[in-house]
Amino acid sequence: MFRRAVCPGSFDPITNGHLDIIERASRLYDVVHVAVLVNKSKKGMFTVEERIAMIEEITAQYGNVKVESHAGLLVDYCKDREIPAIVKGLRAVSDFDYELQMAQMNHGLTGVETLFVPTSPTYSFLSSSLVKEVATLGGDVSHLVPELVFRRLTERIAERSAGQTD
Ligand code: PNS
């Protein structure tokens with residue numbers, strides 16, 4: 001009987017903050033699923049396939065992390081794979097209200113538990129959207145994302161600015 005948990009998110013792209021939580025979860029559980037949730041109303045910087053490829057390469061070192069996409073409810077992903085626990089990072093009190101709502105909703109739907117891991121203070125200000133904004137405007141984010149992500153981010157920003165007509 002494997003002890004399983006899922007780390008869900010958009011991961012557009014994965015940051016060192018996400019990786020910190022996934023790594024810590026991988027030490028607590030036999031198998032950690034990283035679920036890249038598809039949000040059809042949001043156009044990301046990276047496709048879901050690109051996000052998965054980056055996460056797979058970066059988390060291969062842990063040996064017990066499985067990366068998949070999912071379109072739909074997180075509780076259905078958990079039910080289909082018999083995953084009893086969702087692991088989420090909490091960066092600050094500002095995260096708590098919404099995370100608590102989701103945890104209570106998910107528990108009410110299927111009984112799945114949510115476990116909160118306090119984010120390392122080094123990453124308490126970090127989010128994928130801030131990383132993208134800072135990188136797009138020329139700021140250095142090399143210390144905030146894994147090296148592979150930094151390379152892909154730099155390439156994507158260069159492609160985008162080359163494609164701009166104005
Ligand atoms: O990285 P994000 O965007 O902050 O992650 C949020 C995410 C994807 C974990 C959350 O929006 C989610 O669980 N979406 C899946 C759809 C779902 O189950 N919605 C009901 C939540 S109670």
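## Salt bridges

Counting salt bridges (a side-chain nitrogen of Lys or Arg within 4 Å of a carboxyl oxygen of Asp or Glu) gives eleven here. Side chains of opposite charge can pair when their charged atoms come close.

This is a predicted model, where local features need pLDDT of at least 70, side-chain atom pairs count only at pLDDT 80 or more, and totals for chains, interfaces and linings use all residues. Residues are numbered from 1 along each chain as its sequence is written, and side-chain values use heavy atoms, leaving out hydrogens and water.

## Arginine 51 and its partners

Let's start with arginine 51, which forms a salt bridge with aspartate 12 at 3.4 Å, N to O. Arginine 51 sits in helix 2 (residues 48-59) and aspartate 12 in the loop between strand 1 (4-9) and helix 1 (16-28), so the pair ties together parts 39 residues apart in sequence. Helices (H or I, at least four residues) and strands (E, at least two) are DSSP runs, numbered from the N terminus.

Arginine 51 is buried, at 9% relative accessible area, and aspartate 12 is buried too, at 6%. Buried means under 20% relative accessible area, exposed over 50%, and partly exposed in between (1.4 Å probe, protein chains only). Asp12 and Arg51 also belong to a salt-bridge network with Lys132.

## Two other pairs

Glutamate 50 pairs with arginine 156, their closest N and O atoms being 2.7 Å apart. Glutamate 50 is in helix 2 and arginine 156 in helix 6 (residues 147-163), 106 residues apart. Glutamate 50 is partly exposed at 27%, while arginine 156 is buried at 17%.

Then there's glutamate 99, which meets lysine 88 in a salt bridge at 2.8 Å, N to O. Glutamate 99 is buried at 13%, and lysine 88 is buried at 14%.
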